[in-house]
Amino acid sequence: MLNVVLLRYTPDPEKTIAAAAKLCYSEDCAEDLYEGMDDEEAAKFLGILVGMGHLSPIEHISFTFSISGVSRSLTHQLVRHRIASFSQRSQRYVTESGFEYITPPSIQGNEKALVLYEEAMAYLHSAYDNIRNELKGSFVAELQEQGVSSVKAKAAAEKLANEDARFILPNACETKIVGTMNARELLHFFSVRCCERAQWEIRALADEMLRLVKPLAPTVFKNAGPKCLAAPCQEGAMSCGNTAQIREKYSSF
């Protein structure tokens, strides 16, 4: 099950942005501007800044998320957001024996498809373990023949076996990842991943991340979400056709 925790974020995010932006037009130091500004003043200034489309100062605040209960299919999409930092659980160093997996709602709701899906996952569980054990034994023997001690051979063989057995693991395999994005990248992330055309799993992740950050920087993320919140849908023939419902949904965030 999807679980998103906000581990860290820039303290007083909107004051930080406002102080950085005001520095460009002031003889004062940023720390003086920061200390001399209250939250109301920062929000008012920031509203003007964002409204004018001057977004570079919002890059000064960042948010770090712990994300679990998601598939490798999702993280393959997530890491395409290059102006971000990611640390993901390794399938080389962590054995995936008995791996957890994500089941798409369409499969969960289709009895026949679900049976086939679970049978496939059971087969992959067994195949992964069998391949890994076979490789491990082979690597141990090979290393010992090279004069490596039994203890060191077994430790090295664990990683080597994981490294190649992982090729059989499915996109459904559950994983964990930590991601850090600045506010400007988050706005972009929300604009494309909250859209109804985004894949269901990453859309659910984007929604949860937005719920976590919006209360912390409400001016920055006031209009965060799919592009259709602030303008007509740009998807043309691909539009979901539900702009009114989408706008209502994100007004409650």
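Predicted model: local features only at pLDDT ≥ 70, side-chain atom pairs only at ≥ 80, totals over all residues.
1. A pocket, in the sense used here, is found on a 1 Å grid over the protein atoms alone, as an open set of points where a 1.4 Å probe fits, with protein on both sides within 12 Å along at least five of seven lines, and its lining residues have an atom within 4 Å of a point.

2. Residues are numbered from 1 along each chain as its sequence is written, and side-chain values use heavy atoms, with hydrogens and water left out.

3. The second largest pocket has a volume of about 210 Å³. Of the 15 residues that line this second pocket, Ser191, Cys195, Glu196, Pro226 and Glu235 are the closest to its centre, and the elements that give two or more residues to the lining are H8 and helix H10 (243-251). Its lining divides into 8 nonpolar, 3 polar and 4 charged residues, where Ala, Val, Leu, Ile, Met, Phe, Trp, Tyr, Cys and Pro count as nonpolar, Asp, Glu, Lys and Arg as charged, and the others, Gly among them, as polar.

4. The largest pocket has a volume of about 410 Å³, and of its 18 lining residues the closest to the centre are Val50, Leu187, Asn223, Ala224 and Ala230. Helix H3 (39-51) and helix H8 (183-193) are the elements that give two or more residues to this lining, and H8 supplies the largest share, 4 residues. Helices here are DSSP runs (H or I, at least four residues), numbered from the N terminus.

5. H8 also packs against helix H9 (residues 200-213), at an angle of about 140 degrees and with the axes 9 Å apart, which makes H8 oblique to H9; oblique covers the angles left over when those under 35 degrees count as roughly parallel, over 145 as roughly antiparallel and 65 to 115 as roughly perpendicular. The contact (heavy atoms within 4.5 Å) is made by Leu186, Phe189, Phe190 and Arg193 of H8 and by Ile202, Arg203, Ala206, Met209, Leu210 and Val213 of H9. By class, this contact has 8 nonpolar, no polar and 2 charged residues.

6. Helix H6 (residues 111-145) and helix H7 (residues 150-165) likewise pack at an angle of about 140 degrees, with their axes 8 Å apart.

Notes:
Axes fitted to C-alpha atoms, helices over the stretch in contact; angles between N-to-C directions. Points joined across faces, edges and corners; volume = space filled by probe spheres on them.
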